[in-house]
Amino acid sequence: MMGVMGTYRQLLNTEGPRYQEHLLRLDSESSYARFSAITSDEVIGRYCQNIDWRTSKIIGFFHDGVLRGAAEIRYDLRPLPDQAELAFSVEKDFQNSRVGTSLMVRALLTLRNRAVSKAHIVCLLGNRRMQKLALRYRANFKAHLGDVFLTIDVPYGDISSLLAELVDGYLGWMNAGIDMVLGPKERSPLFERSPPPTVPLTTTTQQQLPR
Ligand SMILES: CC(C)(COP(=O)(O)OP(=O)(O)OC[C@H]1O[C@@H](n2cnc3c(N)ncnc32)[C@H](O)[C@@H]1OP(=O)(O)O)[C@@H](O)C(=O)NCCC(=O)NCCS
């Protein structure tokens with residue numbers, strides 16, 4: 001499976017409308033899988049307007065300057081959150097191209113560096129793709145009625161995970177800046193893609209995980 005070119009970076013808290021446009025572009029099947037429910041455009045609009053950016057973070061995948069994929073992180077409400085919920089959305093034309101994998105790596109890296117020890121994902125029982133993605137990180141799997149509750153144990157961060165996030169964030173913003181100044185099509189091949197940070201989720205286990 002080939003990866004797809006693009007830029008990964010965190011969304012600013014002024015970019016709710018971009019996130020909304022991305023979620024509205026999801027085809028009906030993906031939208032249903034994302035929210036575990038049929039949602040109207042109004043519901044998605046309200047959902048985006050009500051995001052509390054103090055307790056949420058969204059990592060975006062941009063292709064030609066357009067947001068095409070996102071990992072939404074919602075921390076629990078404690079001053080020092082120990083748990084977080086993750087939700088993923090990738091537009092149909094970009095699915096199965098490792099965008100979800102790259103977003104997952106970055107979301108877990110973010111949690112790792114903030115001492116969050118558990119990541120929860122809720123998806124539909126039939127959502128094999130999401131389950132495969134989470135099971136790579138040894139997610140604990142519980143099915144209830146039509147939903148699956150996946151919990152990933154997140155190890156503590158270390159100097160390599162901190163550096164990986166720092167460098168990845170820097171590259172993401174540099175690419176975004178180049179997109180803005182030159183336009184995405186003019187970008188030098190040197191900057192065409194910020195690859196997922198190579199630091200594994202744990203320094204010991206990832207290679208042994210089932211693929
Ligand atoms: C689920 C989702 C985030 C995955 O992102 P993606 O970019 O399509 O996934 P990736 O390409 O990174 O990886 C998908 C993996 O699932 C595998 N896969 C694809 N279809 C599959 C299926 N029907 N059964 C099992 N595995 C499947 C792929 O082979 C790939 O594994 P590999 O990397 O080992 O080859 C994306 O498809 C999506 O946004 N779907 C709609 C919204 C959603 O379901 N959100 C999750 C609930 S919050």
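Residues are numbered from 1 along each chain as its sequence is written. Because the model is predicted, local features need pLDDT of at least 70 and side-chain atom pairs count only at pLDDT 80 or more, while totals for chains, interfaces and linings use all residues.

Start with confidence. pLDDT is the predictor's confidence in each residue, from 0 to 100. The protein chain averages 87, and 85% of the residues score at least 70. Over residues 200-211 the pLDDT is below 50, and this stretch has 12 contacts beyond near neighbours in sequence. Two residues are in contact if their C-beta atoms, placed from the backbone, lie within 7 Å.

Next, the strands. Helices (H or I, at least four residues) and strands (E, at least two) are DSSP runs, numbered from the N terminus. Two strands pair if DSSP finds at least two bridges between them. Strand β1 (residues 7-10) pairs with strand β2 (residues 56-63) in the antiparallel sense, over four bridges. Here T7 stands opposite F62 in β2. β2 also pairs with strand β3 (residues 66-75), again antiparallel, over eight bridges. H63 has V66 in β3 as its bridge partner. Two residues lie between the strands of this hairpin, where D64 takes a positive phi near 50°.

Now helix α4. It covers residues 99-112, 14 residues in total, and reaches 20 Å from first C-alpha to last. That is close to the expected 20 Å, taken as 1.5 Å times one less than the number of residues. A residue is buried if 20 or more other C-beta atoms lie within 10 Å of its own, exposed if 12 or fewer, and partly exposed in between, with C-beta atoms placed from the backbone. Since 13 of the 14 residues of α4 are buried, the helix is largely enclosed by the rest of the structure.

Which residues come nearest the ligand? Of the 24 around it, they are A33, Q95, G100, T101 and R128. A residue is near a molecule if its C-beta atom, placed from the backbone, lies within 6 Å of it. The largest share of the shell, five residues, comes from α5.

Finally, two loop residues. Most residues other than glycine have a negative phi. R98, between β4 and α4, has a positive phi near 75°. It counts as partly exposed because it has 17 C-beta neighbours inside 10 Å. L145, in the loop between β6 (140-144) and β7 (147-153), has a positive phi of about 50°. With 6 such neighbours, L145 counts as exposed.
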